[in-house]
Amino acid sequence: MSALPHPIQYQGSKRHLAARILEYFPDDVQTLYEPFSGSAAMSIAAAACGMAQRFVINDLNQPLAKLLQSMVENPQGTSDVYGSVWAAQGEGQTQSVAHFNAVRDKFNQTQEPELLLYLLARCIKGAVRYNREGLFNQSPDKRRKGTRPPTMQRNIFGISYLLKGRSSFSSMDYRLAIKDVQEHDLIYMDPPYQGVSGERDGRYLSGLAFDVFVDSLDALNQRGISYIVSYDGKLGERVYGQALPERLELERLELDAGRSSTATLLGRDDVTIESLYLSKPLIKRLTKSSHRLVATKQADSLALFPSSYDAETFEAVH
Ligand SMILES: C[S@@+](CC[C@H](N)C(=O)[O-])C[C@H]1O[C@@H](n2cnc3c(N)ncnc32)[C@H](O)[C@@H]1O
């Protein structure tokens, strides 16, 4: 899975679990909705495996959503801006840390999406942090310079190849982003971790209330909509996040997220299990189709993908 293009370093990204989650995609998805897209790991994986025709990519974090859009629609321009911001950090550590801080200040004033790409690539553990005012306040990783421009360009052209011409991008509350969903579509939801009651999660810009979220899922059930939710997690016997209520009649699965910090719901090295909830209409759809077979085929195409692309090919195809 890590061989798929991933230009955005985003803590909590589902890139490492995407192949496992794709196993629960029906084989007839018209539009995949990813209303809490973050780095859009599931849209990227689904596009690479031909598991959806169109993609609705949304995140409340506007510069992040705009960044995805500009990478997909203008890969050369975005790569060029990244290359020049990256090069301007210079070689010395003091100079490059000062550069990061200056870019961070500029980003907090202007919200320019391309600056966010550099900040995410260079900051500690690729982990965003926002203060109470919504300002990006993560520090640079002093040991690394961030993804080198040629690698970044390859990744940017990679997602452009996969998503251009069949994706829409927005930055709004998830409820608005999914309002047009139909029965033949699928929603993948990966909302921010809620923590213990009232705890603020500085890792994401967030506007999510548990009860409102549950009501939205209820409304989707009434409409016969297929959806998948990543929600709570477990470390040993310790549970993180509130489980979704039984009245929603969801099928709850447990995915072993391993010990990689980037693979986990909580962005911690020690979390081992993430739960995945499947809606009843989705289960019905999966039961009707031979989705297990499809899942095996996906795993094959994931393994084959890396050798079959490079930035030049993407450019030529587009
Ligand atoms: C756990 S992250 C998603 C990570 C993503 N699955 C990935 O692979 O990168 C949750 C995302 O939800 C976004 N978010 C928070 N509240 C939201 C809301 N009310 N509507 C839409 N997006 C929201 C955050 O900005 C954050 O990017």
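Biologist: At what angle do helix 4 (residues 75–87) and helix 7 (residues 149–163) pack, and how far apart are their axes?

Modeller: The angle is about 160 degrees, and the axes of helix 4 and helix 7 are 9 Å apart. Axes are lines fitted to C-alpha atoms, for helices over the stretch in contact, and angles run from 0 to 180 degrees between N-to-C directions. This is a predicted model, in which local features need pLDDT of at least 70 and side-chain atom pairs count only at pLDDT 80 or more, while totals for chains, interfaces and linings use all residues. Residues are numbered from 1 along each chain as its sequence is written.

Biologist: Why are helix 4 and helix 7 called roughly antiparallel?

Modeller: Angles under 35 degrees count as roughly parallel, over 145 as roughly antiparallel, 65 to 115 as roughly perpendicular and the rest as oblique. The angle between helix 4 and helix 7 is about 160 degrees, so the two are roughly antiparallel to each other.

Biologist: Which residues of helix 4 and helix 7 meet?

Modeller: Pro 75, Thr 78, Ser 79, Tyr 82, Gly 83 and Trp 86 of helix 4 meet Pro 149, Met 152, Gln 153, Ile 156, Phe 157 and Ser 160 of helix 7. Two residues are in contact if their C-beta atoms, placed from the backbone, lie within 7 Å. By class, this contact of helix 4 with helix 7 has seven nonpolar, five polar and no charged residues. Ala, Val, Leu, Ile, Met, Phe, Trp, Tyr, Cys and Pro count as nonpolar, Asp, Glu, Lys and Arg as charged, and the others, Gly among them, as polar.

Biologist: How does helix 2 pack with helix 7?

Modeller: Helix 2 and helix 7 pack at about 65 degrees, with their axes 9 Å apart, and the crossing is left-handed. Ser 43, Ile 44, Ala 47 and Ala 48 of helix 2 meet Ile 159, Leu 162 and Leu 163 of helix 7. That contact of helix 2 with helix 7 has six nonpolar, one polar and no charged residues.

Biologist: What makes Ser 39 count as buried?

Modeller: A residue is buried if 20 or more other C-beta atoms lie within 10 Å of its own, exposed if 12 or fewer, and partly exposed in between, with C-beta atoms placed from the backbone. Ser 39 has 24 such neighbours, so Ser 39 counts as buried. Ser 39 is in the loop between strand 1 (31–34) and helix 2 (41–48). Leaving aside neighbours within four places in sequence, Ser 39 is in contact with His 6, Ile 8, Tyr 10 and Ser 13. Across the chain, buried residues make up 44% of the 318 residues.

Biologist: Why is Gln 111 called partly exposed, and why is Glu 249 called exposed?

Modeller: Gln 111 has 14 other C-beta atoms within 10 Å, which falls between the two limits, so Gln 111 is partly exposed. Glu 249 has 11, so Glu 249 is exposed. Gln 111 lies in the loop between helix 5 (93–110) and helix 6 (113–122), and Glu 249 in the loop between strand 6 (238–240) and strand 7 (251–256).

Biologist: What is phi of Gln 111, and what is phi of Glu 249?

Modeller: Phi of Gln 111 is near 60 degrees, a positive value. Phi of Glu 249 is near 55 degrees, also a positive value. Most residues other than glycine have a negative phi.

Note on methods: Helix = DSSP H or I, 4+ residues; strand = E, 2+ residues; numbered from the N terminus. Left-handed = near helix turned anticlockwise from the far one by under 90°.
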